[in-house]
Amino acid sequence: MHRDSVLTPMTSSIILHIEDKANYFGLVLKTKSEGLLLGRPEGASSGQQASGSGGPGAKPILLREACDLCDGRPKCASICPTQCITAVD
Amino acid sequence: MNMRNGKIGIIDLSTGVSSEEDFVGDVLTAGVLRALLAKHGPDSIVLGTGLLTGSLIPASCAGTLTAGQKTMPLLGHAGIELKLSGFDFLVLKGKAPNWGYVWTRDGIVELVELRESPQLNSWQRTDKIRADQGDSKIQVVSGGPWCDAGSPAAQLVVDHWGGEDKVGMGAEFGKRNLAAVAFRGMGELEIADPEAHFEGSVALMKGHLSRLGPNKGLQSYYEGAGREDFVSLVHRYIGCYGCPFPCRTYLKTEEDPKEMRFMHKEPGYLHYDVPALEMATQVGLSSRDATRVLTRCAQAGAEPVAVLTAAAVGGGRPDVASIESLLSRRADVKPVNKGNFESSLPSLKDYETCLGLGLCPRYWAKVGFDIRSLSSCAESAIGHTLQ
């Protein structure tokens, strides 16, 4: 949102990774330094294996911009209702 | 225009010809629906999005589907997906010569033939449309055999699940040879003051959550979902777009609910139809059997309160088998006027205003719907006052 002043499901750098058949729900974060970070119940992993995307109108995360932490105040963590996403130093 | 696409999509089902009109007024939806019906004919069907649908305001997920005097909400991800498809409203005119579905994506609206539709139930239609168009996230509002037959006790389902259509909208699809409406989009919505809107929405949400406490899915809205035999089948809670306090609880009846993955083809059902569950309890069904009955009703495109009411006629205690048998006898089932989301708010005016804004009536009834409480947050999105 902060990049273009529009609401769109296409530019978020963090998306849900819902893969019922693979037995997990997780999050995928596109980072500048480590590529894709995949957070799953069994732990975090990095690499390019997670190309799934979630939410309305979403596009694959590989096509998105990497996370810039919203200039130090990550909006995904602020708006997460369950505190599933938190920002740590 | 902030929070709007500025476009109305129009398709004549009788010819398949589509067109579009500019939409210039970002007023509340109810007035627009009436104007569109007046302009394009009272027999038209109008799908609409709310002024704030797709904003960051909590539970701003709602769209609407209107025919004549009847309106049903479109919840889940259907409302926002319609907006992201590039249209604020869709007008469906006339009757298709053959069975088909309206397919809307990225500023395009077309009629796609689906001649095999009468042989498919609502779930099969949804799955086929997603498979044929190659995208599992397409939002599908689908009818079933009861809708095709024009039963007044029919219901449309939204992405497999029932609970929005308590007004007999399914029959309106059937009368027009309309099997389903599907949409998908990757649009974007301009907002007046992104930072203020974000901060205001987060503050609004956090204020709500601090008052509401922990969420227990449908149980947070309906005590009956706290029954032991219901809770024992819970697989997960699912929120609509932007909802921080979901009312949707998925029960698994055909496999272990503690198993995260789905292995059975039809492992369970997503519950948010409160009057249907109340009626199921009233006729003596267990939560497992109620889930199976609601699944069969959704597939058939049959409104479950009406089906369960008919099943209980005579004072007997219906079971899944007898209700399945009843689903093949549409004429024995009369519509029952019992709203689901319609009964969330005490006044019809508030309900219509809520939908006109694109907000879920159930969530906003829970937190206390007061337009003043969200006006500054809304105004930061649209750039002017709400009234």
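How many helices and strands does the secondary structure of chain A come to? Before the views, a word on the model: it is predicted, local features need pLDDT of at least 70, side-chain atom pairs count only at pLDDT 80 or more, and totals for chains, interfaces and linings use all residues. Residues are numbered from 1 along each chain as its sequence is written, while chains are lettered from A and ligands numbered from 1 in the order in which they are written.

**View 1. Chain A has one helix and five strands.** Helices (H or I, at least four residues) and strands (E, at least two) are DSSP runs, numbered from the N terminus. Along the sequence the pattern reads β-β-β-β-β-α. Of the 89 residues in chain A, 19% are buried, that is, with 20 or more other C-beta atoms, placed from the backbone, within 10 Å of their own C-beta.

**View 2. An open, mixed sheet of six strands lies in chain B.** The strand order is 2-1-6-3-4-5, where two strands pair if DSSP finds at least two bridges between them. Strand 2 (18–22) and strand 5 (70–74) are the edges, each pairing on one side only.

**View 3. Strands 4 and 5 of chain B run antiparallel.** Five bridges join strand 4 (residues 63–67) to strand 5. Look for Thr66(B), whose bridge partner in strand 5 is Thr71(B).

**View 4. The largest nonpolar core has 123 residues.** Such a core is a set of buried Ala, Val, Leu, Ile, Met, Phe, Trp, Tyr and Cys residues joined through C-beta atoms within 7 Å. Tyr101(B), Val307(B) and Cys360(B) have the most contacts inside it. A second, separate core of six residues includes Ile15(A), Val28(A), Leu29(A) and Ile61(A).

Methods: A residue is buried if 20 or more other C-beta atoms lie within 10 Å of its own, exposed if 12 or fewer, and partly exposed in between; C-beta atoms are placed from the backbone.
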